[in-house]
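Visitor: I am new to this structure and would like a short tour. Could we start with a pocket?

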Amino acid sequence: MSESTKALRMRTTPEDFRVIEEALYPPTGEGSHTFVCVEKRGRTTEQVARDLARESGVAHRDIGYAGRKDRHAITQQWFSLEGVDPDRAVAFELEDARVLEAHRHGHKLRTGHLRCNRFEIALRGDEELDLQAIDARAEELRRRGLPNRFGDQRFGREGDNAAKAREMLFGGKPPRDKRAARFLVSALQSEVFNAVLDARKDAFDSVMLGDVARVEESGGLFWVDDPEHDATR
């Protein structure tokens with residue numbers, strides 16, 4: 001990697017990182033719930049959910065969303081509110097956020113109800129960039145893939161979410177908010193996932209004994225019990 005590539009900076013401002021959530025399904029336009037698409041800047045998903053609860057009068061625990069989005073970014077994601085008129089939702093006044101659109105739907109939005117997240121990342125540097133080196137690295141990522149490691153934000157401000165989950169699972173008192181408890185367990189799962197990546201070192205694009213692999217053509221899953229043979233599949 002060249003010196004100019006090393007000097008690249010990412011996410012120096014929220015505008016340098018944009019995230020757009022693609023819904024798993026579109027709202028139907030009918031039903032007792034309202035799906036709202038919110039664009040936020042410098043705010044967590046939970047902060048926006050609490051603002052929506054305050055504006056709508058819906059209990060915070062009843063605000064639905066598919067997943068949490070980065071705080072230090074410009075992000076768009078969907079929330080669901082029950083018993084709120086879409087025209088009223090579009091007029092909500094939110095801190096560093098705005099409702100882009102609102103539509104009725106028949107049920108609450110739940111965790112995992114998203115197709116994917118699309119990202120736009122701006123790279124900045126003080127010197128002339130080595131675009132050839134950047135293109136070569138990008139091509140390597142396209143060919144081999146990228147280990148999708150969980151970042152620091154998954155583990156909380158103090159970095160102790162996984163430790164809190166272990167304490168809870170071994171008999172400690174869980175948070176009153178069930179969604180907060182689930183998020184702690186998710187942090188522990190993320191810690192295990194990162195540990196597996198560390199153990200694999202540079203082998204993330206090859207199969208190892210005990211892996212669950214996927215056949216690219218059919219999408220079928222299988223256990224790897226013969227790495228040399230199964231690598232060809």
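Guide: This is a predicted model. The second largest pocket has a lining of 14 residues, and those nearest its centre are Asp205, Ser206, Val207, Ala213 and Arg214.

Visitor: Which strand gives the most to the lining of that second largest pocket?

Guide: Strand E9, residues 212-214, gives the most, with 3 residues.

Visitor: How do the lining residues divide into nonpolar, polar and charged?

Guide: The lining of the second largest pocket has 7 charged residues, 6 nonpolar and 1 polar. The space in this pocket is about 340 Å³.

Visitor: On to rings. How many aromatic pairs are there in the whole structure?

Guide: The search finds 4 aromatic pairs. One of them is stacked: Phe17 and Phe119 lie 5.7 Å apart, centre to centre, with 5 degrees between the planes. Phe17 belongs to strand E2 (residues 17-23) and Phe119 to strand E7 (residues 114-121), so this pair links parts of the chain that are 102 residues apart.

Visitor: Is Phe17 buried or exposed?

Guide: Phe17 counts as buried because its relative accessibility is 5%, under the 20% limit. Phe119 is partly exposed, at 47% relative accessible area.

Visitor: Why is the pair of Tyr65 and Phe79 edge-to-face?

Guide: The planes of Tyr65 and Phe79 stand at 70 degrees, with the ring centres 5.9 Å apart, so the pair is edge-to-face; the angle is over the 60 degrees required. Tyr65 is in strand E4 (residues 64-65) and Phe79 in strand E5 (residues 74-82). Both Tyr65 and Phe79 are buried.

Visitor: And what sits over the ring of Phe183?

Guide: The charged end of Arg68 does, 3.9 Å from the ring centre.

Notes. Residues are numbered from 1 along each chain as its sequence is written. This is a predicted model: local features need pLDDT of at least 70, side-chain atom pairs count only at pLDDT 80 or more; totals for chains, interfaces and linings use all residues. Side-chain values use heavy atoms; hydrogens and water are left out. On a 1 Å grid over the protein atoms alone, a cavity is a set of points where a 1.4 Å probe fits but cannot get out, and a pocket is an open set with protein on both sides within 12 Å along at least five of seven lines; lining residues have an atom within 4 Å of a point. Grid points are joined across faces, edges and corners, and a volume is the space filled by probe spheres set on the points. Helices (H or I, at least four residues) and strands (E, at least two) are DSSP runs, numbered from the N terminus. Ala, Val, Leu, Ile, Met, Phe, Trp, Tyr, Cys and Pro count as nonpolar, Asp, Glu, Lys and Arg as charged, and the others, Gly among them, as polar. Rings of Phe, Tyr and Trp (its six-membered ring) pair if their centres lie within 6.5 Å; planes under 30 degrees apart count as stacked, over 60 as edge-to-face and the rest as tilted. Buried means under 20% relative accessible area, exposed over 50%, partly exposed in between (1.4 Å probe, protein chains only). A charge sits over a ring if NZ of Lys or CZ of Arg is within 6 Å of the ring centre and within 35 degrees of the ring normal.
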